[in-house]
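Subject: Handing over a structure

Hello,

Here is the structure I promised to pass on. Please open it first, then read my notes below.

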Amino acid sequence: MASSQVVIQHLLEEGGAPSTMGDEISAGLRGDPKTLPSKYFYDARGSLLFERITELAEYYPTRTEQALLDRHAGELMRRISPRELVELGSGSAKKTTTLIRAALAHGSLREYVTLEVSEEIARRSARRIADEFPGLAVRAVVADFEHHLGRLPGAEGRLVAFLGSTIGNFEHDDAVAFLCGVAGLLGPDGRFLLGTDRVKDPEVLHAAYNDSEGVTAEFNLNVLNVVNLHLEGDFDPRNFEHVAFWNAERERIEMHLRARRAHTVRLKTIDLEVTFAAGELMRTEISQKYTPGSVTELLTAAGLRLEDWLTDARDWFALSVAARAGT
């Protein structure tokens, strides 16, 4: 049987960078402390580096979440019976195949939609799914899920999946705002599948974000190349080093780039000049870790109702299923 036709839908400006990128980068670099949005890690090279990270011995989240999906996907798809699966930030779509296979076995699924900020990644993941599941309608939406969820058309029987604990990259209020957007995608029979990393031994967390091969460091530094490309910048990655640590008070890992020396960076597109002091930290990512209570609080604040909570034997990772409150 021939593979499925892939439909590409663009919600970004020409050139692939979100229209908000300049404003977001400018606001972050003018802040104290300086920050860069973690979503810009994921150009083609960044995505490949992240795939390498997921295969490292120290990096447990991907393996643990995959094992949960392998164990529970069949029962979840039987209960949810999705006609459409929308995945936000699918990456390589490896975990996606577990959900799709289970939904097709149940006989409900008709369409798969991947939403990615990188067109190359969106096309690659969509093509992979289309080739693996002939006959399934496949759509790749090139968009920023922080800004474009409201532009997706409504659908009955929709399952929205947000895996990999990517929700942990949001500050609390931003996470609630994002989840409000997700709630808007769900009809009365829609469901939301969320992956969250659990609070655990700080030594385990530290090792996961400071791997011995230095892949995470390379991944972290690559965000500077993305900024340079889209905003005509002159960041020199050699001027920075990777730093990641556990913030016990806020229950999260923080990734930073530390300036090795005092220097100035210019971003021509947004007419911005930024000065770094020697040793200054620029935060590039937070990775919030959760408890059942903190996940429930997030969902409730966004108008969602927790229906199911699944975790592994070590309580290292969790999958939760939610519906719109009141449905």
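Is Arg79 buried, exposed or partly exposed? Arg79 is partly exposed, at 44% relative accessible area. Buried here means under 20% relative accessible area, exposed means over 50%, and partly exposed lies in between (1.4 Å probe, protein chains only).

Some ground rules. This is a predicted model, where local features need pLDDT of at least 70 and side-chain atom pairs count only at pLDDT 80 or more, while totals for chains, interfaces and linings use all residues. Residues are numbered from 1 along each chain as its sequence is written, and side-chain values use heavy atoms, with hydrogens and water left out.

**Salt bridges**

Arg79 has a charged partner. Its side chain meets that of Asp308 in a salt bridge, 2.8 Å from N to O. The term stands for a side-chain nitrogen of Lys or Arg within 4 Å of a carboxyl oxygen of Asp or Glu. Arg79 sits in helix α3 (residues 61-80) and Asp308 in strand β13 (residues 304-311), so the bridge ties together parts that are 229 residues apart in sequence. Helices (H or I, at least four residues) and strands (E, at least two) are DSSP runs, numbered from the N terminus. Asp308 counts as buried, at 16% relative accessibility.

How many salt bridges does a search of the whole structure find? The search finds 31. Two others deserve a look.

- Glu156 pairs with Arg83, with the closest N and O atoms 3.7 Å apart. Glu156 lies in the loop between β5 (137-142) and β6 (158-162), and Arg83 in the loop between α3 and β3 (84-88), so this pair ties together parts that are 73 residues apart in sequence. Glu156 is exposed, at 60% relative accessibility. Arg83 is partly exposed, at 36%.
- Asp197 and Lys200 meet through their side chains at 2.7 Å, N to O. Asp197 is buried, with a relative accessible area of 1%. Lys200 is buried too, at 10%.

There is also a network. Glu171, Arg250, Arg252, Glu254 and Arg283 are joined by salt bridges that share partners.

**Nonpolar cores**

A nonpolar core is a set of buried Ala, Val, Leu, Ile, Met, Phe, Trp, Tyr and Cys residues joined through side-chain atoms within 4.5 Å. The largest one holds 36 residues. Ile25, Leu29, Leu224, Phe235, Phe240 and Met282 touch the most other members. Elements giving two or more residues to this core include α1 (21-30), α2 (44-54), α7 (202-209) and α8 (215-231). The largest share, 8 residues, comes from α8.

Look at Phe240. Leaving out residues up to four places away in sequence, Phe240 touches Leu221, Leu224, Phe235, Leu257, Arg258, Ala259, Arg260, His263, Phe276 and Met282. Contact means heavy atoms within 4.5 Å. Apart from this core lies another, of 34 residues, including Ala102, Ala103, Leu109 and Ala161.

**A helix pair**

Helix α4 (residues 94-106) packs with helix α5 (residues 119-132) at about 35 degrees, their axes 11 Å apart. Axes are lines fitted to C-alpha atoms, for helices over the stretch in contact, and angles run from 0 to 180 degrees between N-to-C directions. In α4, Lys94, Thr96, Thr97, Ile100 and Arg101 meet Arg128, Ile129 and Glu132 in α5.

**Backbone details and one threonine**

The peptide bond from Asp32 to Pro33 is cis, with omega near 5 degrees. Pro33 sits in the loop between α1 and β2 (34-35).

Two serines have positive phi values in a residue other than glycine. For Ser81, phi is near 50 degrees. Ser81 lies in the loop between α3 and β3 and is partly exposed, at 25% relative accessibility. For Ser165, phi is near 55 degrees. Ser165 is in the loop between β6 and α6 (172-185) and is buried, at 5%.

Last, Thr62 in helix α3. Thr62 counts as buried, at 19% relative accessibility. Leaving aside neighbours within four places in sequence, Thr62 is in contact with Thr54 and Lys95.

Best wishes
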